[in-house]
Amino acid sequence: MCGRSLAVRGLACERDGRVLFEGLEFTLAPGTAVQVEGANGAGKSTLIRTLIGSVSDYSGTIAWRGQAYPRGLAAMRSSLLYIGHNAGVRRGLTPLENLAWYGAGRKEALRALDEVGLYGFEDVLCQQLSAGQNRRVALARLYLPAPPPLWVLDEPLAALDVVGVASLEAQMNRHLQRGGCVLLTSHQPVNVAPLLRVNLADFGPHFTAQELYCVR
Ligand SMILES: Nc1ncnc2c1ncn2[C@@H]1O[C@H](COP(=O)(O)OP(=O)(O)OP(=O)(O)O)[C@@H](O)[C@H]1O
């Protein structure tokens with residue numbers, strides 16, 4: 001396994017007795033991105049939660065920088081910037097306060113909010129912002145100085161307009177050029193490179209002809 005990457009080998013997950021994926025294999029190396037694809041309910045968010053260590057009922061091996069989980073978890077977490085499906089924005093706080101919660105100083109937070117098009121909204125409560133603006137508050141963390149190397153982003157393009165998508169793609173490409181890595185889920189094409197696309201449909205449960213006959 002590559003010593004500087006996230007390596008997934010023979011990974012399988014099931015929920016409620018249903019196999020979501022099995023035999024999943026890929027490597028997320030520095031300077032590269034992986035886009036996890038799959039239909040609604042295919043298991044993309046479950047995979048992400050597994051990779052960031054929030055879910056431990058899986059089989060197979062996950063290793064960060066050559067160290068298999070659970071031993072490698074602490075090192076992975078110290079390198080991780082995770083933005084989940086629900087974006088982790090505190091609605092009772094302003095955008096500025098949200099970034100301060102993540103340790104950002106006022107000047108760098110204002111610059112990041114400007115980068116995501118929220119200039120003038122920094123002191124508005126997030127509960128008064130639109131869905132796309134709240135997504136931008138979450139994504140502003142990607143524009144803070146010295147970001148962690150491993151970005152794991154669940155549906156980061158959701159609710160973004162065309163300009164927002166282009167801006168985020170540019171920021172992800174800058175991160176890759178700096179040697180960082182990005183793992184994301186998206187139902188739409190993502191313009192980042194180099195990109196490995198992993199479709200969970202290719203790792204779904206495999207039935208024998210006999211089993212298929214019985215299902216029918
Ligand atoms: N904790 C859980 N307990 C039981 N079932 C679960 C649990 N978490 C997820 N599931 C089930 O696993 C399946 C995969 O869910 P998941 O959220 O990973 O899909 P997804 O590919 O991210 O879907 P979407 O594209 O709709 O966001 C779903 O059928 C879901 O109901």
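**View 1. Strands β3 and β9 lie side by side in the parallel sense.** Five bridges link β3 (residues 33-37) to β9 in this predicted model.

**View 2. Five strands form an open sheet with parallel pairing.** Reading across, the order is β6-β7-β8-β3-β9. The edge positions belong to β6 and β9 (195-199), and each has a single partner strand, so one side of each is left without a neighbour in the sheet. On average, neighbouring strands are turned by 15° against each other, direction ignored.

**View 3. Strand β1 pairs with both β2 and β4.** Seven bridges join β1 (residues 6-15) to β2 (residues 18-28), and the two run antiparallel. Follow them to the hairpin, where two residues sit between the strands and D16 takes a positive phi near 50°. R15 stands opposite R18 of β2. With β4 (residues 59-64), β1 pairs over five bridges, again in the antiparallel sense; L6 has W64 as its bridge partner there.

**View 4. Helix α5 packs against a strand and two helices.** The buried residues of α5 (residues 131-139) are N134, R135, R136, V137, A138 and L139. These buried residues pack against β6 (80-83), α3 (95-101) and α6 (162-177).

How values were computed
Residues are numbered from 1 along each chain as its sequence is written. This is a predicted model: local features need pLDDT of at least 70, side-chain atom pairs count only at pLDDT 80 or more; totals for chains, interfaces and linings use all residues. Two strands pair if DSSP finds at least two bridges between them. Helices (H or I, at least four residues) and strands (E, at least two) are DSSP runs, numbered from the N terminus. A residue is buried if 20 or more other C-beta atoms lie within 10 Å of its own, exposed if 12 or fewer, and partly exposed in between; C-beta atoms are placed from the backbone. Two residues are in contact if their C-beta atoms, placed from the backbone, lie within 7 Å. Axes are lines fitted to C-alpha atoms, for helices over the stretch in contact, and angles run from 0 to 180 degrees between N-to-C directions.
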